[in-house]
Amino acid sequence: MDIDSETRELVARALVEDLGAGDVTAEAVVPKDASGKATITQKARGVLFGLDVAAEVFRQAGAGELDGVAGEGEWRDEVPAPVARVEGPARALLAAERTALNLLGHLSGVATLTARFVHEVEGTGVRVLDTRKTMPGLRALEKAAVAAGGGTNHRMGLYDAILIKENHAALAGGVGEAVTRARKAQPDLPVEVECRDLAEVRQGAEAGADRLLLDNMTSSELGEAVAAARGSNGPELEASGGVTLENVAEIAATGVDFVSVGALTHSAPALDLSMKLE
């Protein structure tokens with residue numbers, strides 16, 4: 001992935017947060033002119049993602065250029081295994097270590113959890129979507145990690161697509177009225193509306209929504225919603241709420257087009273990685 005100015009600024013802030021006025025431990029015990037070779041190792045099965053971001057951390061810390069020895073975006077079973085190496089001033093390597101591993105581990109964890117969900121719905125044609133439930137400042141990177149894990153990115157923010165939620169509909173006077181207003185105000189943007197029951201499904205479909213968000217419905221309710229929506233003008237259908245690795249296959253089998261999973265970004269465990277110096 002390309003490193004843009006926002007990512008460079010993110011890395012700079014992360015390093016300042018960790019280093020403050022300086023690494024007092026390394027300054028106390030590591031000779032100033034010492035150099036080292038560091039190897040980052042993947043210790044758990046999963047999808048690696050974020051080497052470019054980690055490389056930027058080492059670069060900004062003055063630790064040298066990270067040399068990736070493993071590809072990204074593919075599931076790796078053979079672990080532990082090296083994923084990258086870097087050679088440079090020892091103090092700088094130590095200064096970069098935790099920030100680099102934090103970012104690399106988190107992004108790899110997002111990619112790994114996404115890959116697990118994608119595997120569960122394989123063969124159904126259903127796509128796994130992310131949400132806006134991201135860590136502040138990390139959305140672009142987390143969504144890139146979702147894509148690396150085989151998922152599909154939903155809207156980036158409040159600005160690039162219309163998603164009418166329960167509160168919007170209540171303030172507008174109902175699902176149908178909210179869709180009508182949105183279509184009139186932003187005719188060039190896709191319009192999605194959250195539906196909690198069959199009545200709202202019919203209202204959203206009849207009003208011409210491009211996609212219906214079927215919120216917190218049981219599998220049987222999803223099946224009924226699919227039948228009701230398919231009998232109208234055929235909007236896309238997205239299941240959301242309470243989706244887990246244990247039930248996502250059952251949800252996908254109801255006939256929906258998408259399953260959105262907030263946990264991909266807000267609850268993904270970090271992939272276990274370590275760095276050793278020699």
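A salt bridge is taken here as a side-chain nitrogen of Lys or Arg within 4 Å of a carboxyl oxygen of Asp or Glu. By this criterion, a search of the whole structure, which is a predicted model, finds 11 salt bridges. In this predicted model, local features need pLDDT of at least 70 and side-chain atom pairs count only at pLDDT 80 or more, while totals for chains, interfaces and linings use all residues. Residues are numbered from 1 along each chain as its sequence is written, and side-chain values use heavy atoms, with hydrogens and water left out.

Arg45 pairs with Asp77 in a salt bridge whose closest N and O atoms are 2.6 Å apart. The two residues are 32 residues apart and link distant parts of the chain, with Arg45 in the loop between β1 (35–42) and β2 (46–47) and Asp77 in the loop between β4 (75–76) and β5 (81–89); strands (E, at least two residues) are DSSP runs, numbered from the N terminus. Arg45 is partly exposed at 42% relative accessibility, and Asp77 is likewise partly exposed, with a relative accessible area of 42% (buried, under 20%; exposed, over 50%; partly exposed, in between; 1.4 Å probe, protein chains only).

Arg211 takes part in a salt bridge with Glu236 (3.2 Å, N to O), a pair that connects strand β9 (residues 211–215) to strand β10 (residues 236–240) across 25 residues. Arg211 also meets Glu238 in a salt bridge (3.4 Å, N to O); Glu238 lies in strand β10 and Arg211 in strand β9, so this pair ties together parts 27 residues apart in sequence. Arg211 is buried at 16% relative accessibility and Glu238 is buried at 2%, whereas Glu236 is partly exposed at 32%.

Conventions:
Helices (H or I, at least four residues) and strands (E, at least two) are DSSP runs, numbered from the N terminus.
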